[in-house]
Each structure stands twice: as structure tokens, then as C-alpha cells.
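This report describes strand pairing in a protein model. The sequence and the structure are shown first, and the description follows.

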Amino acid sequence: MPRKKKKSKKGNKRNLGKGTKVFLAFLGLVFLTILTYLGFNLLNNAINASKVVQVKVDLEMGGSGEGSNGFKEPWCVALDKEVSLYVTDFGGRRVQKFDSDGNQVLTFGKMGKAPGDFDQPSGIYVDSEGMIYVCDTFNHRIQKFNSQGKVLQVWTRNFFGPRSVTADENGKVYVSDTGNHKIQVFDTDGHFLTEWGGFGTGDGKFREPVGCVVDPKGFLYVADSDNLRIQKFDLNGKFISAIKVSTWRGKNDEVPYLAFQSGFLYVTSTSEKSVLKYSPDGKLVSIFQKGDKDGFQTLAGIAVDQQGRIYVVQKSANKVARFTPPVVSASPASH
């Protein structure tokens, strides 16, 4: 009867040793990846920390309430050429107008569906003629008013929760149609011109777009909130580039709005309780933070006047704050 060959113990040891080496190499790679990730984040945090600028609020308007100067969750802000400030009162279902000293001079709107009424107004824009455009969010429409708050037009083109409105120097009006994940474009009389976008993560697609603004060189920037980025387009809807904002926490926590002034893009960030300042090519220049223990609370709308003063909405505090950032020695990048 033939004898069974014994398995080589040496061979087993050799095979075990090879498997162990592979496993150890894998662990080493994982460990190196973690170290690289942590190192990158530490470096990135250190770089960002060096860009933090503490600012002092020089004017605050509002407070909780439905009376004069009070808000029930303010949402967005816009300036006219006289530096009067318009604020949408999301929970109060109205728009309030303040002078440059923060005194209320006009209020219009109430809860309802008739022209001039609102159901949670959000985005607002004032054009060079003093006409006021308001995103009447959950009436799913845009309303246009004159400077005295008289309703002139109501636009209802299949909107689903529009959140921002802006215009270019040629009279094209751009609406961030948040629930439909696209940009709709109109003339100043509300005639539809074109649209682009759609739900997705690729270039030119959106997931919950909120703030939008046109810069003086003719580019549209859109806060693509749930994709954690700002997309840049030409005014025909051609995608140009994107700025990643990794600190945003998505649509349930962020309602980012944008403003453009003196060659720089200003962005609200609730997650950092900050206003972020970018050059047009996406370089983070400064992180403006309120110099007290509370910081900026639940930031939303933003506007910047010709003097460089920044107005921001603090939704949870029911206030609008103004501050003047210090001059930073950096030049805006060219397109």
C-alpha cells in the first residue's frame, strides 16, 4: 500500500509568511492613507485658520417679533442705489425696507396667495430702476414690485420653491429654481427666455441650488448647496468652473447666498458661522467671523454696498448685521 506523502511543514510556513506579508503591506497602505488624509486636513485647517479675520458688527437691525423692525426668520437682503436695505421676512410673510441707519421706512406683504401676498418669501433683488423682484417661495412664483411696494407683475412658470433671483446689465433675470434643480431666465417683464441644469452631480447639474449672482464681467455664480460647491457659468448657461466648499453641510443646514463686489465673491456659510471671500478663480482669500462667543448665527442672505460694507442675515437670531472687513492685501484673479 503506497504511503501518503506528508505535507511539507516548510511549505506551510512559507505560504503563511507570504500571506502575512501581504496583510501587513495592506495594513501599512491603509495606515499611510489615513496619515496622509489627516496630514492634509491638518494642513488645510492650518491654512484656513490663517485666513480667519475677526470682524466687529457696527450696525444690527431687527430682533424677534412681528412689529416694527422685528423679524420672524429673515432670509435674504438686497440694496438699492440709495443704499436702502430690503429684507425678506420668511416667517413674517412680508418685505421690510430700512434706511442706511437701520430705520424701517416701508413694509409690504402678508400671508396669502393674491398678488402682493406671500407664502414664505426668500430671495430678493433690486434692479437699477428700483424695481424689486421677490421669490415668493411656497406660492412658487416671482413677484415684481415698484419701490413703494406696489405689485406690478406675478410670474408663475412651473417653479418649485424658487430661492434666489438676480439680473445682468442687459436686463436678463435669473431665478434659482431650487426644487426643480435648475436656473430659469426671463426678461424684466417676465417673459421666459431659457433654462439649464437639472438634477445631478456633474458639471452644470444641480442639487438644491440656492443663491445666485452675476458679476460685472458677465458670469453667473450659483450656490449648488447639496453638491457642496459654487458653479460658474457664462450667461448662456455654459459651465465654466466650480468652487468646492467642503465645509457646507448640505441643504438641511445650509442656505448659502452670494454677493459680488470689487472683483471678489462673498459667500455665507452657516457651518463655519462665517462669510467666505473668494477670488473669481476660486481661491479662498478670507474667512470673516464675528468676534464674540456667539458668532454669526444661521447665515443666509448677503449684500455688499459700494463702500465694501457687508450685510448678512442671521436667521436664528432674527437680525441683519453689518460689518466693514479690514483691507486684505490680495488682488482679485482675472477670468
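## Strand pairing and hairpins

Strand β5 (residues 94-98) pairs with β6 through 4 bridges in the antiparallel sense. Within this pairing, valine 95 has phenylalanine 108 of β6 as its bridge partner. The model is a predicted one.

β5 and β6 belong to an open sheet of 4 strands, in the order β3-β4-β5-β6 and with antiparallel pairing. The edges are formed by β3 (74-79) and β6 (104-108); each has a single partner strand, so one side of each lacks a neighbour in the sheet. From one strand to the next, the twist averages 20°.

Strand β7 (residues 121-126) is mostly covered, with 5 of its 6 residues buried. It runs antiparallel to strand β8 (residues 132-136), to which 4 bridges join it. The hairpin has 5 residues between the strands, and glycine 130 adopts a positive phi near 85°.

The other hairpin consists of β13 and β14, with 5 residues between them; in its turn, glycine 190 has a positive phi of about 90°. Strands β13 (residues 182-186) and β14 (residues 192-197) run antiparallel and are joined by 5 bridges. Here glutamine 184 has glutamate 195 of β14 as its bridge partner.

| Hairpin | Residues between strands | Glycine and phi |
|---|---|---|
| β7 and β8 | 5 residues | glycine 130, positive phi near 85° |
| β13 and β14 | 5 residues | glycine 190, positive phi of about 90° |

How values were computed: Residues numbered from 1 in each chain as written. Predicted model: local features only at pLDDT ≥ 70, side-chain atom pairs only at ≥ 80, totals over all residues. Heavy atoms only, no water. Buried < 20%, exposed > 50% of the residue type's maximum accessible area, 1.4 Å probe, protein only. Helix = DSSP H or I, 4+ residues; strand = E, 2+ residues; numbered from the N terminus. Pairing = 2+ DSSP bridges. Axes fitted to C-alpha atoms, helices over the stretch in contact; angles between N-to-C directions.
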